Every structure is written in C-alpha cells, then in structure tokens.
Amino acid sequence: MFSRTIRAAQPLKKQIRRYATEAGAGGGSNALLYVAGAAGLAGAGYWYFSGSPAAVAEVKKAVVAEPKKAFLGGEQGWLSLKLSEVEVVNHNTKRLRFELPESDQVSGLPVTSAILTKFKAEGAEKPTLRPYTPTSDEDEQGFLDLVIKKYPDGPMSSHIHSLTPGQTLDIKGPLPKYPWSANKHDHVALVAGGTGITPMYQLVRGIFKNPEDKTKVTLIFGNVTEEDILLKKKFDELENTYPQRFRAFYVLDKPPANWTGNSGFITKDLLKTVLPEPKSDNIKVFVCGPPGLMNAISGNKVSPKDQGELTGALKELGYTSEQVFKF
C-alpha cells in the first residue's frame, strides 16, 4: 500500500554497481509460499482419502478450479467498475481501487498487458479512450488498482481524478503488449519516466513472484522531483531481497540538496554504464515514458502495433530494434 506521500528511503549513490555472476541463494519469500502450498495439498490429500464423498467433491473442486477472470478480451464488452477507494500518492497522482464484478474474480490480465478505459464528456462527439497498466497483482481477488497521474491537458486523467467512491469507470481488456514467459531473456533493462513505470512494475512483479523465473533486471527511472518517484518502496524491497538480480538507478531533473543520485536526464553515458551490453546474449530493453524521453532514448512508437524505427541513445549505443521494445 502506498503511504500518503512517497519518499525515497535512501538516495542512490553515484557509484557504479555491477551484477555478481551468480544469483543469491536466498530466493526471497517464494520458498515459504511453496511450503504453504505443499502443506495445503497434504491436508487436501488427507481429506480426499479419509473424508465423506461430499468432502471429496469439495476438495476436488478446490484443487482443480481456476480463479474466475474478469477480463476475457475478444467479444467481451465494457465492464462498468465501481470505485471503492482513493488514495493520494503525491501532488498530482492518485491510486484508485476499482471493484471487479464479483468478489472472487481476478483481473485475468497476463503480464505485460494493459486495460482500456472509456468515458464520454458532456457535449463530446466521441468518447475518450486511454490505456493504463494496473499496479495490483493479476491474482488479487475482487479488485484492481490504477495509479494515475493527472495532466492539466489530459481529459482521461482529469476525469479519473474527479471520481469519488461509488462512481464507475468503463474498462475492458486485456490489451496484450509483449508476450512474456519465464526466462525468455537472461537480462532485461527497463528505462522509464514518470507513470511509464507502471508496465515496468507489472513485468518486474511477474518475474519475481515466479520462483522458476531467474531473469536479471536493471531499472533506470527518471522523474522531475523525489516526490514523483512512484512505487519506490516496492523496488527497494526487491533490491534488498534480490540484490544480485535486481538493481534500480534513479535520475531526478530537480533533485533536493541532499540528493546523491543521478541528476538531470537519463543520458547515453548512464545507459552505457548500467545496461547490459548490446553484444550480450539474449537481452531485452523495454522503454516507456513521456514523448520527450521516448524520443531521446529509443524513438516513439508509430502505433500500438508499429514499434517504429529505433533511434536515440539506444541506437547510438549499438542496440538493435530486435533488442528493444517500446511500451
């Protein structure tokens, strides 16, 4: 859960940090999940072999049933989801929790996918449509969370910020982005700015909640001020849990006086220093952010289905279009 205002726990020092060659033995808390799962199945086995037929039927249902998915894609229409909770994250960002149609449903979104939102302003000829990436886990039951930054000239973000609990928003999905599977790449780099961090966080969460996925991750995250660094507490937890697989580097355009991290903009020199080299085997660089960042780092997409030409710093550093994906 976010605090009222997100603040950096500890500024990043300007020294360069490289990965160790081997992953740590800790592995985080996933082992506990496996132990709990094994214990649950053992208990289920006991009732299966010694319980009544009714109990056996219930166990079978509990073991094999998959959670119901709210978003099915295809011909499914819009879901009108009720807003249940609003939390102020910082001066221009809110976290909004929307209830799924049924309390035992999950969103059903695959990793690296988004949802589409819709509303029609009074007097407008056409509705406004905008994609967003939820920040809640895809397996959470009953709700999904959106972290939305309000832009002065953004009709959808302004509308969503005006919503109060009890009101609804039309949402559909999923919108597939990049077909992810465990260990698809040895090392991924995430270059993000502002709210472009949400699809990156979705991918990172998907990687590190899967005990079979050993992918290394490097995050470079640019913002205007320290207060604008979204989800930093989550990334700090991952960096502490998986220090040899996850590293985060933060860049501020307007850093505070005590900031010891990187300042200004995400530069080619910083990318050259912290990203996996373009000649490395099986790497992928993901980029997401405002148009200015995209132009400087990779070039913008032409459309959702057209990645466009690779330009900018990544092109100059020798990365190929096959190695880069623009969210």
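This is a predicted model: local features need pLDDT of at least 70, side-chain atom pairs count only at pLDDT 80 or more; totals for chains, interfaces and linings use all residues.

Colleague: Fine. Which strands form the open sheet, and in what order?

Modeller: There are 6 strands, running β12-β11-β10-β9-β13-β14, and the pairing is parallel.

Colleague: And which strands stand at the edges?

Modeller: β12 (262-263) and β14 (324-326). Each has a single partner strand, so one side of each has no neighbour in the sheet.

Colleague: Zoom in a bit. How many bridges join β10 and β11?

Modeller: 7 bridges, in the parallel sense, between β10 (residues 216-223) and β11 (residues 246-252). To get your bearings there, look at Ile220, which stands opposite Phe249 in β11.

Colleague: What about helix α5, which strands does that touch?

Modeller: α5 (residues 232-241) packs on the sheet and touches β10 and β11. The direction of α5 makes about 145 degrees with that of β11.

Colleague: And where does α4 lie?

Modeller: Helix α4 (residues 197-208) lies across β9 (187-193), β10, β11 and β13 (283-288). Relative to β9, α4 runs at about 150 degrees.

Colleague: At what angle do α4 and α5 pack?

Modeller: About 30 degrees, with the axes 12 Å apart. Angles under 35 degrees count as roughly parallel, so α4 is roughly parallel to α5. Their crossing is left-handed.

Colleague: Which residues meet there?

Modeller: From α4 you have Ile197, Tyr201, Val204 and Phe208. They meet Lys234, Phe235 and Leu238 of α5.

Colleague: OK, switching topic to α3. Which of its residues are buried?

Modeller: In α3 (residues 155-162), the buried ones are Met156, Ser157, Ile160 and His161. Looking down the axis of α3, they fall within an arc of 130 degrees, so they line one face of the helix.

Colleague: What covers them?

Modeller: Strands, among other things: the cover includes β3 (93-99), β5 (113-119), β6 (128-132), β7 (143-149) and β8 (168-176).

Colleague: Take β7 from that list. How many of its residues are buried?

Modeller: 6 of the 7, so to speak a mostly covered strand.

Colleague: And in which sense do β3 and β7 pair, parallel or antiparallel?

Modeller: Antiparallel, over 7 bridges.

Conventions:
Residues are numbered from 1 along each chain as its sequence is written. Side-chain values use heavy atoms; hydrogens and water are left out. Buried means under 20% relative accessible area, exposed over 50%, partly exposed in between (1.4 Å probe, protein chains only). Helices (H or I, at least four residues) and strands (E, at least two) are DSSP runs, numbered from the N terminus. The arc is that of the directions from the helix axis to the C-beta atoms. Contact means heavy atoms within 4.5 Å. Two strands pair if DSSP finds at least two bridges between them. Axes are lines fitted to C-alpha atoms, for helices over the stretch in contact, and angles run from 0 to 180 degrees between N-to-C directions. Angles under 35 degrees count as roughly parallel, over 145 as roughly antiparallel, 65 to 115 as roughly perpendicular and the rest as oblique. A crossing is left-handed if the near helix is turned anticlockwise from the far one by less than a right angle, and right-handed if clockwise.
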